Amino acid sequence: MVSFIGLKKLETLGIGDQFKIKNGFLLSKDEQNVLLFLTPTYGTGKTDENAVFVETLNLIKDSLNTTFKNKASLEVYGGVLVAVANAKQIKLDVQYTVGIAMAILLLIFAFFYRKVQIPLVLFVPTLFGGLLSIASLFLIRTQISAISLGIGSVLLGVTLDYSLHILTHLRNNADVKALYKDVTKPILMSSLTTAMAFLCLIFIKSQALQDLGIFAAISVLG
């Protein structure tokens, strides 16, 4: 039910030709729809907290629609519901993209090198960098944007280049000490310049992009 103050405000602003107020309720013009407004405790950015609210709201909706089947129906919509649905979709997309990227790369490397253990060794530095970046974000951020983690599938290709560089030189140079003496400085300079490029994102006024820059920079350095 719309409060008295709310009714006065709507009358002042005008509610349009498609809606009308009757007995304290906001109805559609044909009086077939009743509009109810809810104000969540948390804003649209608090997707974890709002997930419980959205789940409860959907349960109520399903229960009422089942009880009053063929008589009335309840539909819900709002920014909070969209934000929670987007957050869930992003998490699924991150899992799928990273999983598909890793599977394809493993198959390509296994086919190219004819050995199963070599692709696994190549992924060790990449996994270490990814875990290090997530741990660092956990320490410096109270919340981590799921969008920033979605770049993981792209970083797989960037960070694997370092492992491939070492492995390629190792096949042509049996002297490990001489190998690392030759390639350490170029690889470090390459990783530093790449990390600096990603860190430029922290100057953008968007937490998602800031998290992305930190995550990518630490992953490459790690």
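Ala, Val, Leu, Ile, Met, Phe, Trp, Tyr, Cys and Pro are counted here as nonpolar, Asp, Glu, Lys and Arg as charged, and the others, Gly among them, as polar. The structure is a predicted model, in which local features need pLDDT of at least 70 and side-chain atom pairs count only at pLDDT 80 or more, whereas totals for chains, interfaces and linings use all residues. Residues are numbered from 1 along each chain as its sequence is written, and side-chain values use heavy atoms, with hydrogens and water left out.

The protein chain contains eight helices and three strands, taken as DSSP runs numbered from the N terminus (helices H or I, at least four residues; strands E, at least two). From the N terminus on, these elements follow the order α-β-β-β-α-α-α-α-α-α-α. Of the 222 residues, 27% count as buried, that is, under 20% relative accessible area, with exposed meaning over 50% and partly exposed in between (1.4 Å probe, protein chains only).

The largest pocket has a volume of about 800 Å³, a volume being the space filled by probe spheres set on the points, which are joined across faces, edges and corners. Of the 24 residues that line the largest pocket, V34, L36, L74, E75 and V76 are the closest to its centre. β3 (34-35), α2 (47-67) and α3 (79-113) each supply at least two residues of this lining, and the largest share, five residues, comes from α2. By class, the lining of the largest pocket divides into 17 nonpolar, six polar and one charged.

The second largest pocket holds about 540 Å³ of space and is lined by 24 residues, of which P125, Y162, S163, I166 and I187 lie nearest its centre. Two or more lining residues are given by each of α4 (117-140), α6 (152-172), α7 and α8 (207-221), and α7 gives the most, with eight residues. The lining of the second largest pocket has 17 nonpolar, seven polar and no charged residues.

Helix α7 (residues 176-199) also contains S191, which is buried, with a relative accessible area of 6%. Not counting residues up to four places away in sequence, S191 touches Y162, V220 and L221, contact meaning heavy atoms within 4.5 Å. S191 and V220 are 29 residues apart in sequence, yet 6.0 Å apart in space, C-alpha to C-alpha.

Key: 1 Å grid on protein atoms, 1.4 Å probe; cavity = no way out; pocket = protein on both sides within 12 Å on 5 of 7 lines; lining within 4 Å.
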